[in-house]
Every structure is written in structure tokens, then in C-alpha cells.
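Subject: Handing over a structure, with notes on its interior

Dear colleague,

I am passing this structure on to you, and my notes on what was found in it follow below. Please read them with the structure open beside you.

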Amino acid sequence: MSLHPTLQPYADAWTHSIEAISELVQPLVEGEWNWRTPCPGWSVRDVVSHVIGLDSEMYGDPRPIHSLPRDLFHVTTDLQRYMEMQVDVRRHHTAPEMTSELELMIIRRNRQLRGESRQPGTIVRGPLGTELTLEESMRNHAFNVWVHEQDLRTALGRPGNLDSPGAHIARDVLLDALPAVVADRSDAPRSSAVVFDVHGPIEFLRTIRVDIQGRGSLETAPALGPAASFALDWETYVRLACGRVTAEAVADRVKAEGEPRLTEAILRNFAVTR
């Protein structure tokens, strides 16, 4: 393979998750495609459409020419409108049409990845005309597809793959966002520390330290006398961080200690993607 070694883990994680999604949806009857998922406003069909659309654009296909209905109340931002286009254009597709397109896209993208010879730092186009490196693009995509695999598993009552290659990438992506959650969005006190103890299929103990300037940093060393601490399982961490549940809905699965206003602010601002 010509794929750069730095990019291989992201390709492997994508392959694992996309094949899991294909296996999940192949046996579904027509009505099951309409089941609601934890992803706000999206059914099983919508989530699969979104995944197909993401890979279609990464392959280089042109975006569909399509006008969105005005009654999609879950669509409120430019990014959501951008993402909804690939979803809405497939809302009336049948189950065989969906599975066939998914399978074809997996074949095309696998072939593309086998021939990928660009360097990780190559600048590529992202959503809404943004620019990012190929490594960032593949990392984000592996993360997104794994999260949507979990959406489908929740909707279909088929839990699993919480420790898969995609799950480990999701851990790193979500941890990278944690300093901003604590220091910027939740306004944690300066010269303080907040500890997260996560257990389950993926386990980690991380500290967010806020310096005298109010900047947050991620550390592996535990903190003595933190301003706040949180203990929760990995699945709950993911669902909170991805905006799939509210803190109130999983209060019995999160042990929060420390100054109440700080713990409440952190949990209120915990979602970094939706």
C-alpha cells in the first residue's frame, strides 16, 4: 500500500466502522430505516445517508443540487444545512437503494485509500470550503464514522465496538477538545485543576490544568485537591461529549465532585460535537 504510515490508523478505523455499519443495516426491513437515532433529528436512514455523503465527498464526487425543505427544525446553522443536503436527498430511498449505495461507496473508497500517495500535511478541502490537512481530514472522518456507528447501534439495540480502533481515535479527538470545555467555555478558576476518571472498555485518567492566564492544558498526571472531579463510564462520556444526551439524563451515571457551579458549567458545556 502507498498510504503514509501516519494515515494508516485512520484508514483502519474507518474500515472497521464502515464495515460494522454495513453489517448492521444489511438485514433491516424498510420500517427499521425510519427508527429514531440519538443524533438530533436523524433516523437510521439519515445517519447512513450522512455517512455515504461524507465518503462521497472525500472520494471527490460533486455535491447534489438540492433544495432543503423549510420545516427541518433541527437545522439551524450553515454547517447543519451543509450536512443535511446529503441526508435529505436520500430521504425517500428504499432499503435496497441505501444498502447498494453504501456497499458501492465502501468499494470505491477502499480502492481510493489503497492508491492514496499524498503526504499527511497535504492541504485538502473540507466542509463549507474550509481547508485542513489530509491527516486532519482522515482523523475527523474516522471519528465521525465511529460516532455514527454508535448512533446506529443505540437505535437498533446492538451495542458494541466501544473499544474498536475508531473508539481510540474518538478518545483522542474528544480529549483534545477538553481543555477548551473546561477553561474557555466553563470558565474554570485560574491556577486550578479538573480531573476526569473514565472507566469501561476504554479507561483513562486525565487532568485539565488552568494556568494563571486562564489557558487549559491536558495532562496525564493526577491532581491533588482539584477544583472539580468527574467519574463516569466511557459510553456515557462519549454520549455527553457528542451531544447525544443531556447531563440530566445521565445524572445517575456521572459522579461529580467539587464546587457545584463549576461542575454544572462543565457538564452543561461538555458537548463538543452534535
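Leaving aside residues up to four places away in sequence, Asp55 touches Trp14, Ile18, Met105, Arg109 and His141, where contact means heavy atoms within 4.5 Å. Asp55 is found in helix α2, and at 1% relative accessibility it counts as buried; here buried stands for under 20% relative accessible area, exposed for over 50%, and partly exposed for what lies in between, with a 1.4 Å probe and protein chains only. The side chains of Asp55 and Arg109 are joined by a polar contact of 2.6 Å, a polar contact being a pair of N or O atoms within 3.5 Å, of which, within protein, one must be able to donate a hydrogen and the other to accept it, while residues adjacent in sequence count only if both atoms are side-chain atoms.

Before going further, please note that this is a predicted model, in which local features need pLDDT of at least 70 and side-chain atom pairs count only at pLDDT 80 or more, whereas totals for chains, interfaces and linings use all residues. Residues are numbered from 1 along each chain as its sequence is written, and side-chain values use heavy atoms, with hydrogens and water left out. Helices (H or I, at least four residues) and strands (E, at least two) are DSSP runs, numbered from the N terminus.

Two of the residues that Asp55 touches, Trp14 and Ile18, are also among the buried residues of α1. Helix α1 covers residues 8-25, and its 18 residues reach 26 Å from the first C-alpha to the last, close to the 26 Å expected at 1.5 Å a residue, the expected span being 1.5 Å times one less than the number of residues. Other buried residues of α1 include Tyr10, Ala11, Ser17, Ile21 and Val25, and what covers the buried residues of this helix includes α2 (44-59), α4 (95-114), α5 (134-156) and α6 (165-185).

The structure holds two cavities of 30 Å³ or more. On a 1 Å grid over the protein atoms alone, a cavity is a set of points where a 1.4 Å probe fits but cannot get out, a pocket is an open set with protein on both sides within 12 Å along at least five of seven lines, and lining residues have an atom within 4 Å of a point. Grid points are joined across faces, edges and corners, and a volume is the space filled by probe spheres set on the points.

The second largest cavity, with about 50 Å³ of space, is lined by Tyr10, Ala11, Trp14, Met58, Arg109, Leu113, Met138, His141 and Ala142. The elements that give two or more residues to this lining are α1, α4 and α5.

The largest cavity holds about 110 Å³ of space, and its lining includes Val147, Asp151, Glu235, Val238 and Arg239. The elements that give it two or more residues are α5 and α7 (234-241), and the largest share, four residues, comes from α5.

Because six of the eight residues of α7 are buried, this helix is largely enclosed by the rest of the structure. Its cover includes α5, α6, β3 (192-199), β4 (204-210), β6 (228-233) and β7. At the start of α7, a side-chain oxygen of Asp233 reaches to within 3.2 Å of the backbone nitrogen of Glu235, and the helix is followed by Gly243, whose phi is positive, near 70°.

As for the pockets, the largest has about 1,200 Å³ of space and is lined by 43 residues, of which Leu54, Leu79, Met83, Pro127 and Asn144 lie nearest its centre. The largest share of that lining, nine residues, comes from α5.

The second largest pocket has a volume of about 280 Å³, and of its 14 lining residues Thr246, Ala247, Glu248, Leu267 and Arg268 lie nearest its centre. Helix α8 gives the most to this lining, with three residues. Glu264 has its place in α8 (residues 260-268) and is partly exposed, with a relative accessible area of 49%; its C-alpha atom is separated by 8.8 Å from that of Ala247, 17 residues apart along the chain.

With best regards
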